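Me: I would like to learn how to read a model of this kind. Please take me through its features one at a time.

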Amino acid sequence: YVLILDFGGQYNQLIARRVRECNVYCEVKAYNKIGIDEIKKLSPKGIIFTGGPQSVYGDNAPSVPKEIFELGIPVLGICYGSQLMAHVLGGKVETCTISEYGKTETDYDKNCALFADAEIPSKAVSWMSHTDFISKVPDGFKVAAHTANCPCAAMYNEEKRLYAVQFHPEVNHTQFGVKMLGSFLKDVCGCTGDWTMENYAEKAIKDIREKVGDGKVLLALSGGVDSSVLAALLSKAVGRQLTCIFVDHGFMRKNEGDEVEAAFKDWDINFVRVNAKEQFMSKLRGVSDPETKRKTIGEEFIRVFEAEAKKIGHVDFLAQGTIYPDVIESGAGDAAVIKSHHNVGGLPDYVDFKEIIEPLRMLFKDETRKLGQELGLSETLVWRQPFPGPGLAIRIIGEITDDKLEILQDADWIFREEIAKAGLDRSINQYFAVLTNNRSVGVMGDFRTYDYTLALRAVETTDFMTAEFSRIPYEVLEAASRRIVNEVKNINRVCYDITTKPPATIEWE
Ligand code: XMP
């Protein structure tokens, strides 16, 4: 177990993911939400300080008590974390005359454990992003790296097992960065690196069994990665004590409702699919405002789920597919806040249950996927791209009709097929079709047409907060466009959306 003390740096999650990539379990805690006594109690094998936006001399600059360096626990400071270590231990931090930003040629001292690995050369590129630097290392420390403009790009005190780097080893642009983190974790902290999804699954199943006992568990299954993996995990743990309610609102992609049912109906669980398309459609008749659509679907979803849950009666646990990024983003502790923005409603109020369980709470998305594979879920489910709760309803601009829904499902299917054929389905983070409400004139054979314009959207992003449009090869776009206008009725024009987020959002509504 490694503790990551978060000072508000933009790469805090990335550090945690890299540590986990080294098969070492870690948790991120805000620096001001954990005291020295708790750290002692947790007794981590190592502590990592993240970067942060402040200067150590700033008003209310985040800090740590000196005692943290006297616990005998190895510490690695990164960027702000390195300056903080220097500052608290009596070194000196100053503002650079030239701030360093981006890829920077760096010289490493091979005697320092961080850089001792045979694969790390004595000169390589690191990723810098700082305006302050360590101008004097504390007593007992040695400088372990430098760049043209930064005399101390790393420092260490071998005896006390304290290490610090000015650059960001967690960022891909730092060559051998993960190796350096690995050296800290394994060679300095003595971590064994046995955190794998196989071990996790075993432990999680045991923990769930212990917690649930012979109680009943209820899960709203959407068919998305998180809820599917959770269903698989719970099924292994408590079998038929679990009921999964899959509300099919009819706005899934083509065949998807059936795929979800096929994936789960033979598992050892109670699987309930509610086909509620007519109910949703009737509520959406005449509705074209995006927010009204979302609200209507959210409310209807709750109603349908509630009616189904009532049939089951009291349950002991309501399971939720919260994952670690949600936990970190909401300040390491208060998971519901971020998700509720995107989730389809406030379920817990409407269901008679005793307690919420969130067994994926400590996993990143890639770990969740690995766990899914470990548990035997199909590739299609494990690698599903994110899909909004209201589904295709917010990808049909204007009023939703059965015809429009079918047109969009067919067009979206073809686009996805072409992307997969081109081998781009894992590198593009989200790709889909949008049925605009626009009609335009076209010609087919000798006839004039007046049909819909379809928009294709494909984005590359890490956090879905910002996104770039994907530079899909023209040939792939061309193949998709040709097939769509030929094979899907009522579409005579296809456009590709080339806006970034911001200012556009990923979805059109
Ligand atoms: P936007 O359109 O805000 O979308 O750029 C960002 C990401 O969130 C997804 N999204 C949703 N996910 N329920 C969800 O579970 C929703 O209501 C919802 N709306 C948008 C969107 O697909 C993208 O991945």
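The dialogue below goes from confidence and overall form to single residues.

Me: What should I know about the model before reading it?
Reply: This is a predicted model, in which local features need pLDDT of at least 70 and side-chain atom pairs count only at pLDDT 80 or more, while totals for chains, interfaces and linings use all residues. Residues are numbered from 1 along each chain as its sequence is written.

Me: What is the mean pLDDT of the protein?
Reply: pLDDT is the predictor's confidence in each residue, from 0 to 100. The mean for the protein is 93, and 96% of its residues reach 70 or more. Over residues 333-346 pLDDT stays under 50. For the complex, the predictor gives an ipTM of 0.99 and a pTM of 0.86.

Me: How many helices and strands does the protein have?
Reply: Helices (H or I, at least four residues) and strands (E, at least two) are DSSP runs, numbered from the N terminus. The protein has 15 helices and 18 strands.

Me: What is the radius of gyration of the protein?
Reply: The radius of gyration is taken over C-alpha atoms, and the globule rule is 2.2 Å times the number of residues to the power 0.38. For 509 residues a compact globule would come near 23 Å; the protein has 26 Å, which agrees. Its C-alpha trace spans about 80 × 60 × 40 Å along the principal axes.

Me: Is leucine 114 buried or exposed?
Reply: A residue is buried if 20 or more other C-beta atoms lie within 10 Å of its own, exposed if 12 or fewer, and partly exposed in between, with C-beta atoms placed from the backbone. Leucine 114 counts as buried because it has 27 C-beta neighbours inside 10 Å. Leucine 114 sits in the loop between strand S5 (92-108) and strand S6 (123-136). Of the 509 residues of the protein, 41% count as buried.

Me: Which residues is leucine 114 in contact with?
Reply: Two residues are in contact if their C-beta atoms, placed from the backbone, lie within 7 Å. Beyond neighbours within four places in sequence, the contacts of leucine 114 include Ala144, Tyr163 and Phe184. Leucine 114 and tyrosine 163 are 49 residues apart in sequence, yet 8.1 Å apart in space, C-alpha to C-alpha.

Me: Where does UniProt place the feature "binding site"?
Reply: UniProt positions are given in the numbering used here, feature names are shortened, and annotations may be inferred rather than shown by experiment. The unreviewed UniProt entry places the feature at Ser222, Gly223, Gly224, Val225, Asp226, Ser227 and Ser228. Glycine 224 lies in the loop between strand S10 (217-220) and helix H6 (225-238), and serine 228 is in helix H6. Glycine 224 counts as partly exposed, with 18 C-beta neighbours inside 10 Å, whereas serine 228 is buried, with 26 other C-beta atoms within 10 Å. Leaving aside residues up to four places away in sequence, glycine 224 touches Arg384 and Phe387.

Me: Which residues closest to the ligand surround it?
Reply: A residue is near a molecule if its C-beta atom, placed from the backbone, lies within 6 Å of it. Eleven residues surround the ligand, the closest being Pro388, Gly389, Thr505, Ile506 and Glu507.

Me: Which residues does a cis peptide bond join, with omega about -15°?
Reply: That bond joins lysine 501 and proline 502. Another cis peptide bond, with omega about 10°, joins proline 502 and proline 503. Proline 502 is in the segment after strand S18 (491-496).
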